[in-house]
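Visitor: Hello! Could you walk me through a structure, one question at a time?

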Amino acid sequence: MALAACGGGDSAAVVSQPVQIGATPTPSPTPTPSPTPTPSAPAQTAADQMILGVQTHFSQGWGLDSLDKSDDIGTRLLRDEMPWSFGEKTKGSISFTDATAQKLDSACDRGFKLILTEIPTHDAYDGGSFVYSAGAQAAFATYVKAVADRWGGCIAAFEIGNEINGGNQLSFPSGYDPNETVVALMKAVHDAVKPSHPGIAILGGSTNMIGTGFQKNLFDAGMLKYVDGVAVHPYSRHADGLPLELARLRSTIDSYSSDAEIWATEFGHDTSDFDEAAAQALKSVTLMSAAHVDVAVWYALIEEQWYPNFGLYSGGAKRPMAHAIDFAQRSLLTRGRATQVDVGDDMIFAYRFGSDATVIWGAPQTLSVSGATGAYDYKGQALANAGSIEISPRPVVIMGNITIRAGTSGMVADTVMQYGRDAWKYFARNASGAYDELGYRTRWYDSVFMSDWDGTLALKATGGVPARTGSDPMRVVWRYTAPKAMQVTVKGCFAKSSSGDGIDVSISRNGTVSTSEIVSSGQKILRTDLSLAQGDRVEFVAGPNQTYGGDDFSFRGRIYLQGQAGSVACP
């Protein structure tokens, strides 16, 4: 790739046999205790690995101290901008003499690689809109070629446009088909840049979130012939939905017989709980690597007024997310691709980097580990006892060619961690009580589970939306089927805004409601104790209250063994 040179069961039961994780054991020195350990990395960078970068904004006045901060966390790839209007202040005359150009020079002189986002708008062309006429598109392509000529091998990629599935960017005059117009622009850029700069990747279809439904229209119009990669911005509160969405995008690209890469040119987790954001960051990096994402860029390096929760640095202080990114960059990604490991328990999630680094999270329990040379939390901080590891929904990393034996956990099932996995089935239920199993479908901004019965109803990793009204409800259903007899405590956290008149939520066993509430705004936790026989169905159900609209909600459900119930928080 372009940046190679840049630096089992449904319950949480005891695993009856230890599970070895890793290749044939080979000596592996213990990583240096951290907060940011130096691992026993391969002698040279692995050829097949995901590259991590960070967003900077030199074009918005950021200082060169950003380079020091990026160095400090081991990222050598920066995403920034060289705006068209900066380099072509007078129509038809291109020069690079402003402060942004000088800062890009400094970054290149220090060995950084650049992803440059080039927005195809300029007041002198097509009235300042996203360029659509052949002449304006040619002028933009000429400008991008001039940028390529100016910074040459320092540029890893051009991202053409930014989140073009939002903001009504593709509103063109009559006679211009949006998809064909975008593809014409991508062809113009490709034909201008590629002959003299074949090593610069051209990225197209930049979407807010993973907009496979939007991008498919561009693929149909021929975009994949002119790009090296597809750009997505998979922002999420929780990382657990990434595998399904990325697999759907990858399979969609493959269906066009294209080998275009996936570049996550922005990602991040919006929460003021920075430890939680750091945990999700490590999960995202792991899951994206396993899904064969080629490049992932954290947004952003420094705290911004408009997005206060995303900055890896606040002033000069490193936030927990910075430590997580540093740890992943130096200690995991250099080993190669993450691959999922089956440990025989679908409430334990394990991914191995190389032969001797395993990221694990799941239902809270104690793992007995042999062969470990070290263990770390999600921020790269050393854990005291690598032979006995406490896991939770926040990941830990164990070094070495290890064998693990799972312990026991009171948590039986979780709707977020097990999203899209066999433990849960998803349905729409109509007013007469009939069920329609949901199918996974692409949309403009995402991919979600939907029903053939109603196009409004949807279910995703962290919530959903029912359809219709209280007199003709179409309810969204999470169903768990008990693999054996057990006594359980079922808990669900539902949350929504104050829009609309609320949602009607319940927990049922075999269709009989055990507890229910109306959630009009804020959060509501439902709890009930149930006695389950093998094959019994536990359902979390959400439908409209009375009126239509404003019914989107967040949700997380958990099932615990009675007497061992922990908390459940809304995602």
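Visitor: Which residues of helix H1 are buried?

Guide: Welcome! This is a predicted model, where local features need pLDDT of at least 70 and side-chain atom pairs count only at pLDDT 80 or more, while totals for chains, interfaces and linings use all residues. Residues are numbered from 1 along each chain as its sequence is written, and side-chain values use heavy atoms, leaving out hydrogens and water. Helices (H or I, at least four residues) and strands (E, at least two) are DSSP runs, numbered from the N terminus. Buried means under 20% relative accessible area with a 1.4 Å probe, protein chains only (exposed is over 50%, partly exposed in between), and in H1, residues 65-72, that gives Ser66, Leu67, Lys69 and Ser70.

Visitor: What covers the buried residues of H1?

Guide: Look for contact, meaning heavy atoms within 4.5 Å. The cover includes strand E2 (51-55), strand E3 (77-81), helix H3 (99-109) and strand E10 (313-314).

Visitor: In what order do the strands of the closed barrel run?

Guide: Two strands pair if DSSP finds at least two bridges between them. Here eight strands with parallel pairing close the barrel, in the order E2-E3-E4-E5-E6-E7-E8-E9.

Visitor: Which residue in E24 is the bridge partner of Gly439?

Guide: Strand E23 (residues 439-442) and strand E24 run antiparallel, joined by four bridges. They form a hairpin with four residues between them. The partner of Gly439 is Met450.
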